[in-house]
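Student: I would like to learn how to read a few local features in a model like this one. Could you take me through them step by step?

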Amino acid sequence: MSKIMVTGVAVVDFIFKIKSMPKEPEKYRAQEAYISGGGIAANASVCISKLGGDATLVTRVGKDEIGGIIKNQLIADGVQVDKMKEYKDNRSSFSSVYIDKKGERQIVNYRDPLLPEDATWISDIEEHDVYLADTRWNQGAIETMKIAKKYKRPGILDAEDTVSAEAIKLASHVAFSSYGLKKFTQETNLKKALSYVCKITDAWVCVTNGDKGVFFLQDNILKNIATPKVDVKETLGAGDVWHGAFALSLGEGKKELDAVRFANTVASLKCAGFGGRGSFPSRQETEEFLRGQEL
């Protein structure tokens with residue numbers, strides 16, 4: 001069982017399924033609703049656990065009721081939470097999420113601006129097979145990439161719009177969201193944007209682009225690995241799931257392109273279900289789908 005350390009944010013999502021996105025200051029009635037754990041790193045950790053990996057989440061929450069919900073849900077999903085730091089004078093993060101009939105989502109998130117950024121306390125965490133960090137907590141991402149380099153293990157950066165050049169230069173693998181890549185490079189052309197990043201790092205670099213798949217450069221040629229086609233019911237957390245599956249696949253000894261194909265499948269299967277983490281696929285479901293694709 002591969003041990004994956006995941007660093008970043010954990011929240012609670014209050015999720016409402018509606019016909020279309022609200023545009024007026026009125027009262028709207030949800031067709032369905034549920035409360036689910038969320039957050040980039042937390043979702044990736046749960047994905048890893050559901051796929052059979054051993055996930056340790058390094059995160060910060062307030063010592064409050066929301067923090068208790070976050071922690072208890074992660075424990076129920078098999079994630080190791082002994083590296084979760086609780087701050088008694090701070091508030092935990094939570095979000096209101098709207099899902100429309102196409103499966104697209106709109107998110108309003110609250111994050112305590114006074115939650116301590118310091119991450120030096122994670123430097124003594126024991127060795128893992130792979131290290132994954134989201135950039136919503138940039139200091140945590142930097143410290144995590146340093147630990148990965150120390151142990152000569154893969155250090156994967158889930159690069160959002162908050163990513164720093166320092167974190168990128170420390171990582172062995174950088175997987176941008178399309179929005180994160182545009183914000184960091186100020187470039188809309190994918191090839192030019194990826195080329196820009198490759199000039200400042202020796203890391204393996206790619207960008208996830210929803211149902212268009214994953215793009216990367218090979219011998220300065222833009223390559224694409226497509227995603228399996230599914231009936232999309234919900235896209236919430238798909239990128240988080242992708243990064244968790246990619247990290248686990250690398251931890252199991254797969255090469256980057258095989259890890260991308262596996263992660264694409266897992267993320268697509270997640271989008272085919274509804275219910276937040278309840279729609280994260282298991283290893284058995286993923287392997288059965290892959291076998292079906294081969295027939």
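Tutor: Gladly! Let's begin with a helix: α7 is mostly covered, with 12 of its 14 residues buried. Here, buried means under 20% relative accessible area, exposed means over 50%, and partly exposed lies in between, using a 1.4 Å probe and protein chains only. Helices (H or I, at least four residues) and strands (E, at least two) are DSSP runs, numbered from the N terminus. Bear in mind that this is a predicted model, where local features need pLDDT of at least 70 and side-chain atom pairs count only at pLDDT 80 or more, while totals for chains, interfaces and linings use all residues. Residues are numbered from 1 along each chain as its sequence is written, and side-chain values use heavy atoms, with hydrogens and water left out.

Student: Which residues of α7 are buried?

Tutor: Among them are Trp242, His243, Phe246 and Leu250.

Student: What span should the 14 residues of helix α7 have?

Tutor: The expected span of a helix is 1.5 Å times one less than its number of residues. For α7, residues 238-251, that gives 20 Å, and the end C-alpha atoms are 20 Å apart, so the two values agree. Just after α7, Gly253 takes a positive phi of about 95°.

Student: Which residue has a positive phi although it is not a glycine?

Tutor: Look at Asp219, with a phi of about 55°. Asp219 sits in the loop between β12 (214-218) and β13 (221-225), and is exposed at a relative accessible area of 71%. Asn220, found in the loop between β12 and β13, has a positive phi near 65°. Asn220 counts as partly exposed, at 49% relative accessibility.

Student: Now for charges. How many salt bridges does a search of the whole structure find?

Tutor: The general idea is that side chains of opposite charge can pair when their charged atoms come close. A salt bridge is a side-chain nitrogen of Lys or Arg within 4 Å of a carboxyl oxygen of Asp or Glu. The search finds 10 of them. One of the salt bridges joins Lys71 and Glu86, with the closest N and O atoms 3.5 Å apart. Lys71 belongs to helix α2 (residues 65-76) and Glu86 to strand β5 (residues 84-87), so the pair ties together parts 15 residues apart in sequence. Both partners are partly exposed: Lys71 has a relative accessible area of 25%, and Glu86 has 31%.

Student: Where do the partners Arg153 and Glu127 lie?

Tutor: Arg153 forms a salt bridge with Glu127, the closest N and O atoms being 3.1 Å apart. This pair links distant parts of the chain, 26 residues apart: Arg153 is in the loop between α3 (138-151) and β9 (155-159), and Glu127 is in the loop between β7 (105-110) and β8 (130-134). Arg153 is partly exposed at 32%, as is Glu127 at 36%.

Student: How many residues apart are Arg261 and Asp258 in helix α8?

Tutor: An α-helix has 3.6 residues a turn, so residues three or four places apart point the same way. Arg261 and Asp258 both lie in α8 (residues 256-271), 3 residues apart, about one turn of the helix. Their side chains meet in a salt bridge at 3.2 Å, N to O. Arg261 is partly exposed at 42%, and Asp258 is partly exposed at 41%.

Student: Which residues are linked in a network of salt bridges?

Tutor: Arg136, Glu160 and Asp161 are linked in this way.
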